[in-house]
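This briefing walks through one protein model, beginning with the whole chain and ending with single residues. Please keep the sequence and the 3D view at hand while you read.

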Amino acid sequence: MSLEFPDFLRKERINILKRGNINSKGAYILYFMEASQRADHNPALEVAIFFANQVKAPLLVYFGLIDKYRYSNVRYYKFMLQGIIKTRQKLRQRGINFVILKMDPPQGAILLADRAKMIVFDRGYLRHQRLWREEITRKVSIPVLEVEGEVVVPVEFLAQKEVPYARFLRPRIFRYLTHFLEPIPTLEPKIKDQLEFPENWEEETEDIYLSKLNIDKGVSTVEYYQGGEDEAMLRLEVFVRERLALYAQHRSDPGMKVTSELSPYLRFGQISPVKILRRVLEDYPLEDENVASFVNELVVWRELARNYVWFNPLYNQYEGLPKWARETLEAHLGDKRPYIYDLDVLERAETHDPYWNAAQRELLTKGTIHNYIRMYWCKKLIEWTDHPKQAFNIACYLNDKYALDGRDPNGYAGISWCFGSFDRPFPERQIYGKVRKMSQASLLTKANFSRYLEEFSS
Ligand SMILES: Cc1cc2nc3c(=O)[nH]c(=O)nc-3n(C[C@H](O)[C@H](O)[C@H](O)COP(=O)(O)OP(=O)(O)OC[C@H]3O[C@@H](n4cnc5c(N)ncnc54)[C@H](O)[C@@H]3O)c2cc1C
């Protein structure tokens, strides 16, 4: 049977990973939910419903829960589970079957694919996400589609190779921005919730799941961010109504709190970047200076990060940095370093520098660091360790372990930026060589840190 493709979605968002005939004996269309953990404005979900309606079958959404993920800890599992359980509830209310299986994500998908007509994936950019999708595609014998919903402009449409500077992407992003802001409809499944599962099949609450997972329970959970798409929408409303008008001028001031604080929600796909921008444009024109500044972060820098991890296989390694940056940093290995700190001193925020300690405490307690001081936080590690490779690894470790928005392309791109990626060489300095330095004096030129220091002083 030949299928028609949906016309509500830009065709560049759909990749056919495996062609073939739909399995006519299959009982459902399977959506392997992984990167887009939401019910609303989720193109992969709507494409899966669209095909389920065409073949008159129910949809089964599957989420695989593993505890073998790097730095698995209760902080981000709680946030993720809060979101995924609410998504399950929303989808069930729409008559869509949803299962959470505690197993290796590809293993569960391969198991469920046995009874499926076809599979739909959302798209993730990190190594393990790509390997999961490749493994499933290789091992199943039904058609597989992938739908790209975590960016405004699809990554391979934007560029076919790694780009060294944001300015290489900006013109193309702005040329196609409105083209890729298409609304995503909420389709009504024609065949509802008809699948039979064993009794008590996966009805657990977040606390029950957490108690069954073998994860690090030593990292505190964060009250400030509650997971889920409704929470993300509330933050988006506050941002558009109260903060956006101050964004261009004050986004670098951690005391002002004018940024959206949506990064953990974007990280887990609990809100769509397209949805965010569509909401912003309901109240403001694209030409507004605050919108332009916000688009520069949400789309240009965020999508540069996706380009980086997609095309650079060493994205989370020191060796993935540009050659000039490694060479200049290593040429200064012999420079005197006034302070050298071990990982545990850094982790406990016990350095001599109150600004750095405040940033680390923000990370420890709130699970994010304000962007401006996050650069300082990372760059200082170059000064305080014996080798930039060690500094790079410590930055990745702390960010991935404690940040709710960590283990994300933005984290690896942000850290790499601090070591010279996407930046130009600067006049040569001690320790940093030609990599841009950030001193305490330069940190204080853009913002008044008194409120920030007070908030994260102990
Ligand atoms: C060393 C270092 C590590 C970082 N680690 C992470 C990380 O692990 N996860 C993460 O999401 N961001 C990371 N960033 C980027 C940035 O700090 C955060 O995205 C931002 O602080 C999130 O706050 P917000 O949601 O209020 O941002 P807003 O200013 O409201 O921006 C909206 C969204 O745009 C994206 N964005 C904003 N700034 C950047 C940027 N510089 N690069 C890429 N995308 C951006 C984020 O998704 C953000 O949520 C890092 C930056 C540095 C310098």
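Predicted model: local features only at pLDDT ≥ 70, side-chain atom pairs only at ≥ 80, totals over all residues.

**Overall form and surface**

- Along its principal axes, the C-alpha trace of the protein spans about 70 × 50 × 40 Å.
- Of the 458 residues in the protein, 59% are buried.

**Charges**

- The protein carries 66 positive and 62 negative side chains, and the centres of these two sets lie 4 Å apart.
- The count of salt bridges comes to 36, where a salt bridge is a side-chain nitrogen of Lys or Arg within 4 Å of a carboxyl oxygen of Asp or Glu.

**Salt bridge between lysine 102 and aspartate 67**

- Lysine 102 forms a salt bridge with aspartate 67, and the closest N and O atoms of this pair are 3.9 Å apart.
- The pair links distant parts of the chain, 35 residues apart: lysine 102 sits in the loop between strand E4 (97-101) and helix H3 (105-113), while aspartate 67 sits in the loop between strand E3 (59-64) and helix H2 (74-93).
- Lysine 102 has a relative accessible area of 42% and is therefore partly exposed, whereas aspartate 67, at 17% relative accessibility, counts as buried because the cut-off for that word is under 20%.

**Salt bridge between aspartate 400 and arginine 70**

- The side chains of aspartate 400 and arginine 70 also meet in a salt bridge, with an N to O distance of 3.9 Å.
- Aspartate 400 lies in helix H17 (residues 388-402) and arginine 70 in the loop between E3 and H2, so this pair ties together parts that are 330 residues apart in sequence.
- Aspartate 400 is buried, with a relative accessible area of 3%, whereas arginine 70 counts as partly exposed at 47% relative accessibility.

**Salt bridge between glutamate 455 and lysine 257**

- Glutamate 455 and lysine 257 meet through their side chains in a salt bridge of 3.2 Å, N to O.
- Because glutamate 455 lies in helix H20 (residues 450-455) and lysine 257 in the loop between helix H9 (247-250) and helix H10 (263-267), the pair ties together parts that are 198 residues apart in sequence.
- Both partners count as partly exposed, glutamate 455 at 41% relative accessibility and lysine 257 at 28%.

**A network of salt bridges**

- Salt bridges that share partners join seven residues, namely Glu34, Asp122, Arg123, Arg133, Glu146, Glu148 and Glu156, into one network.

**Serine 293**

- Serine 293 has its place in helix H12, which covers residues 289-311.
- Serine 293 has a relative accessible area of 16%, and it is buried because this value falls under 20%.
- Leaving aside residues up to four places away in sequence, serine 293 touches Tyr247, Ala248 and Arg251.

Terms used
Residues numbered from 1 in each chain as written. Heavy atoms only, no water. Buried < 20%, exposed > 50% of the residue type's maximum accessible area, 1.4 Å probe, protein only. Lys, Arg positive; Asp, Glu negative; His and termini not counted. Charge placed at Lys NZ, Arg CZ, Asp CG, Glu CD. Helix = DSSP H or I, 4+ residues; strand = E, 2+ residues; numbered from the N terminus. Contact = heavy atoms within 4.5 Å.
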